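Here is a short report for a reader new to this structure. Take a look at the chain before reading on.

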Amino acid sequence: MKSKVITVVFTGFLILGLLVHVIVPDQVINAAERRVLQQFPEVSTKNIISGKFSSDFEKYLCDQIPYRNVFREIRAEVTRNIFQQIEDAGIYSDGTYLYKDWYPTNYEAIAHFIEYINGMKDAFTKENHIYFACIPDKNYYAMHLDWLSLDYTYIFQQCQSIIYTQIDLRDCLQLSDFYRTDIHWKQPNLQKVVEKFGASMHFSTQWDYTENTLGSFIGTLGQQAAVHGFEDTLTYLTNATITNADIYYMENDTESEVYTKDKESYDAYDVFLGGANAYIEMKNPNSTSDRELVIFRDSFASAIAPLFLSAYSKITLIDTRYISKKYWKEKIEFTNQDVLFMYSAGMINNGYALK
């Protein structure tokens, strides 16, 4: 009798789950996971014979399960709080900060990155002043913790073979300068970093900003980890120079502001220069200098580049993950600009991502 009750209850749950799955509309994007969800696969003879349909259908069922985020949160709480695991879904936790699992060190990708960056020298003139900085990410300041990490010593040693003037940022940052729930650094904490760039690149800026708070912020790691108790405050800096700057975004061929507060996005960090953009021009109409800066970068530059505006009349940002050399060379005529290569250690470890 007991086994029959269990069977009936289990069957009822399966039927109920199927009905809910049919009734609830499929989602295209899961904002919490920052990814596109699997849609119902195409039914064709070719896909069925090859096994692609069954494989994609299994992914579809997993992605489109009703209340997926609730189940994710339950699994995360059980994994971390009951089984006491410090890693789940590729994210580590020390109880205060969340860390992306960058391991293992990809030696071939690092070599490719260095070859790629050095190979760009032919695009520049003798009058260009060219600099390189490897940004030590949050994990660099947590190497004392007991988990596998990138070989940061190797990465920084290999970066010494980059042929441009080196700027070492490792002594300018500490763990508290990064968000608890995101990989990125906090803009209000970057004064020492800006001063280090200024000393190396021969410019000076006044640290005279107004702090503006957007509110509570749960970054990419916090959303993907689906754990409770981790939260940040998203703060951005303004002054007259930043407010009056003219910003051009090639991605959607529009002029906008430095901070895109009204942009519809599932990532609040996109407030900094609109998030992922291949090519951006920032102009300072009130500049007393004719100096220009070109930054080849990843997402970390979005928060710090606006803090360089008072030293330059124009700053161009190029994200080489999204635009190839052929296209950015058509948009820029190199003369005597400052050129800065600025990439995080995690990006360097994923060097094949550069176009």
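The sections below go from the whole chain to single residues.

## The chain as a whole

This is a predicted model. The protein chain has 12 helices and 15 strands. Of its 355 residues, 46% are buried.

Among contacts with a separation of 6 or more, 72% join residues 24 or more positions apart. The accessible surface comes to about 18,400 Å². Carbon and sulfur atoms hold 53% of that surface.

## Nonpolar cores

The largest nonpolar core has 91 residues. Those with the most contacts inside it are Ile117, Phe124, Trp185, Phe197, Phe296, Phe308 and Phe341. Strand β6 gives the most to this core, with six residues. A second, separate core has six residues, including Leu98, Leu221, Ala225 and Val227.

Leaving out residues up to four places away in sequence, Phe197 touches Ala133, Ile167, Leu169, His202, Phe203, Ile304, Phe308, Leu340 and Met342.

## Helix α5

Helix α5 covers residues 107-118.

Seven names make up the buried list of α5: Ala109, Ile110, Phe113, Ile114, Tyr116, Ile117 and Asn118. An α-helix has 3.6 residues a turn, so residues three or four places apart point the same way. The cover over the buried residues of α5 includes β6 (129-135), α6 (152-159), β15 (338-344) and α12 (345-348). Ile117 is also among the residues with the most contacts inside the largest core.

## A three-stranded sheet

Three strands form an open sheet in the order β3-β4-β5, with antiparallel pairing. The edge strands are β3 (87-88) and β5 (98-100), and each pairs on one side only.

Strand β4 covers residues 91-93. Two bridges link β3 and β4 in the antiparallel sense. Glu87 stands opposite Tyr92 in β4.

## Glu281

Glu281 lies in strand β12, residues 279-283. Is Glu281 buried or exposed? Its relative accessibility is 15%. Buried means under 20%, so Glu281 counts as buried.

The side chain of Glu281 makes a polar contact with the side chain of Tyr279, at 2.7 Å. Neighbours within four places in sequence aside, Glu281 is in contact with Asp246, Ile247, Tyr248, Lys314, Ile315 and Thr316.

Technical notes:
Residues numbered from 1 in each chain as written. Predicted model: local features only at pLDDT ≥ 70, side-chain atom pairs only at ≥ 80, totals over all residues. Heavy atoms only, no water. Helix = DSSP H or I, 4+ residues; strand = E, 2+ residues; numbered from the N terminus. Expected span 1.5 Å × (residues − 1). Buried < 20%, exposed > 50% of the residue type's maximum accessible area, 1.4 Å probe, protein only. Contact = heavy atoms within 4.5 Å. Areas by Shrake-Rupley, 256 points an atom, 1.4 Å probe, with all protein chains shown as cover. Pairing = 2+ DSSP bridges. Core = buried A, V, L, I, M, F, W, Y, C linked by side-chain atoms within 4.5 Å. Polar contact = N/O pair within 3.5 Å; in protein donor to acceptor, adjacent residues only side chain to side chain.
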